[in-house]
Amino acid sequence: MNTETLNPAAATATSLEDQAHPNQFALLGQRRFAPFFWTQFAGAANDNLFKFAFTVMVTYQLSVGWLPPAMAGLAIGALFILPFLLFSATAGQLTDKYDKTLMIRFVKNLEIAIMAIAAYGFYADQVIVLLLCTFLMGVHSTLFGPVKFALLPQVLNERELTGGNGMVEMGTFVAILLGQVAGGLLVAIPSIGHETVAISCVVLALIGRGIAGAIPPAPATDPGLKINWNPISETLRNLRLAHGNLVVFRSLLGISWMWFFGAVFLSQFPSLAKEVLHGNEQVASLLLVVFSIGIGTGSLLCEVMSKRHVEIGLVPMGAIGMSVFAVDLYFASRGLPAAEIMGLSAFIAQPAHWRVMADLALLSLFAGLYSVPMYALIQLRSQATHRARIIAANNILNALFMIGSSVIAGALLKSGFTIPQIFLFTGLANAVVAFYIFMLVPEYLLRFVAWVLSHFIYRFKVRGDQHIPTEGAAILVCNHVSFVDAVLLMAASPRPIYFIMDHNIFKVPVLGWLFKLAKAIPIAPRAQDPAAYEAAFDAAAKVLAEGDLLCIFPEGGLTRDGALQEFKGGIMKILERTAQKGLNVPVVPMALTNLWGSFFSRVEKGSAMVRPFRRGLWSRVGLNVGAALAPQEVQPEMLQQRVQQLLAA
């Protein structure tokens, strides 16, 4: 979403801040992000302090006949997740209808009330009261979920969205970790443990509410929305609403699968520590620490690896890493010899255990690379007026997938699977699911190929990328130097690009398949195939009418000598057709530099794609992007001159 549509002054300020601050950590010094981040951090910490302290209390300290210790964790987890299924649709509506800052403050007030009741439950050892509070904290988190992810694209620009999501994801897992550690330590204090937990929960809720008071206003995106209070019909409506944008909906499924994947591992940590690794409770806590650090590290790496754009090319890389290290975890843990239950120092002293911890750290790191760009894509591509309802649909799907993971893991255990075998099954299933998603949404795979090409084959530098529109239709005009020009342009753009390309390029092995996957538009000379010629311009006009980016190479073919060739009149034909549809589409000139003579370009008196290392590895190439031109001032000769100037820049 372009923040200019809500607040032009804020958008300008954001642009200046973006240039002044080189990474996501700078957001912690800015009021538009920092109070929200710490409010979210305090809430996640309090959730987990309360739940873990309660779990320890009923598992180790109280004797509750109707709630055996083996069922306590399951019952608490189920009560907490139930509101996500019941009330997510309502929460999404409320977030779209009302100012998000007011929603946050209401939710934090609710948290104070719930924690006050929970304090009585801890003081009086009232398990039923604490179970009620578990359900109410689930309601609290259900209401906060859509606000959390719908607020970010309202206050951050496209270049900050990946970093902002990475910070929130990292902060959430650190808060979960600290909350669980604090809950376990505090509840175990002799004589005053329960009272200490009660006071801590109330104090954390008050701190969160105090910080929330500093969050700036975030106006409603659909104030006229009429609330449907029927959770069943509204849940179905939300899912249909999400399904209206297939890329977004399938990304929701991809995120929900990640929660399925993560829930399998997190739920098995106690059993893994005790039955497979022969460690005590401290070892189980260490596994959680390693997993959390991995997720946080992967989340923060997203901004660095994406060069501050929403780079969904990282998603396939994340999926590959998740599968590789889940499978290796099976091999690392299956053959460990039986031993007495050991403490933390004895566990760490054995080299075989380091491989297990490395696998956990790396699979969770790649899970961070997988999830953060997906969240950012959903925020960027969802329509602002119902973005919170899309996030609510995501929460519903996440809850369903997490419940499904518990059922499937339980069924596998009952059928005789060992815990390492469950990890192997999950890793292989992840590979199958990821491949299926990437075939359904080829944009992920295409961006992955573009990311690999621009990072490992070339050193690709983009200048002027702020001129590539983040929303609305535009025509990108570029020189044509190599067979991978389109792939490099994909890597430079935060949005999908539809290309008009010479029909002959579709005959090139691998590249032809990729361009077909990218729905590139083939064009043939009018004299050779008049029908294909006209069909290409019809398709181009349709792309622009739908508000997408279209790229054309006006030279009509690859340069044979490295020089810019004469621009043909196809661009004028496209502008003529868009004008007939009442569209005023800007034209953005671009120039690929230093590609001539590389592996994928032609060379003098030679062909492309011979002698792969003729320019060495990681040769420097670039893209210079110029300011957009109004369609009324565009002529082929003038465009050619602009591109020539960009080549010389």
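**Entry 1: helices H5 and H6.** I looked up which residues bring H5 and H6 together in this predicted model. On the H5 side I noted Lys148, Phe149, Leu152 and Pro153, which meet Leu161, Gly164, Asn165, Val168 and Thr172 of H6. Sorted by class, this contact holds five nonpolar, three polar and one charged residues.

I then turned to the geometry of the pair. H5 spans residues 127–155, and its axis comes within 10 Å of that of H6, with a crossing at roughly 150°. H5 is therefore roughly antiparallel to H6, since angles over 145 degrees count as such. I recorded the crossing of H5 with H6 as right-handed.

**Entry 2: helices H2 and H6.** I next examined H6, residues 158–187, against H2, residues 34–61. Their axes lie 7 Å apart, and the packing angle is about 35°. In the contact of H2 with H6 I found 20 nonpolar and nine polar residues, and no charged ones.

**Entry 3: the second largest pocket.** I looked up the volume of the second largest pocket and noted about 940 Å³. Its lining consists of 34 residues, of which Val247, Arg381, Glu443, Pro496 and Asp548 are the closest to the centre.

Which elements each supply at least two residues of the lining? I listed helix H9 (246–276), helix H13 (351–381), helix H16 (442–457) and strand S3 (497–502). By class, I recorded 16 nonpolar, eight polar and 10 charged residues in the lining of this pocket.

Methods: Residues numbered from 1 in each chain as written. Predicted model: local features only at pLDDT ≥ 70, side-chain atom pairs only at ≥ 80, totals over all residues. Heavy atoms only, no water. Axes fitted to C-alpha atoms, helices over the stretch in contact; angles between N-to-C directions. Helix = DSSP H or I, 4+ residues; strand = E, 2+ residues; numbered from the N terminus. Nonpolar A, V, L, I, M, F, W, Y, C, P; charged D, E, K, R; others polar. 1 Å grid on protein atoms, 1.4 Å probe; cavity = no way out; pocket = protein on both sides within 12 Å on 5 of 7 lines; lining within 4 Å. Points joined across faces, edges and corners; volume = space filled by probe spheres on them. Parallel < 35°, antiparallel > 145°, perpendicular 65-115°, else oblique. Left-handed = near helix turned anticlockwise from the far one by under 90°. Contact = heavy atoms within 4.5 Å.
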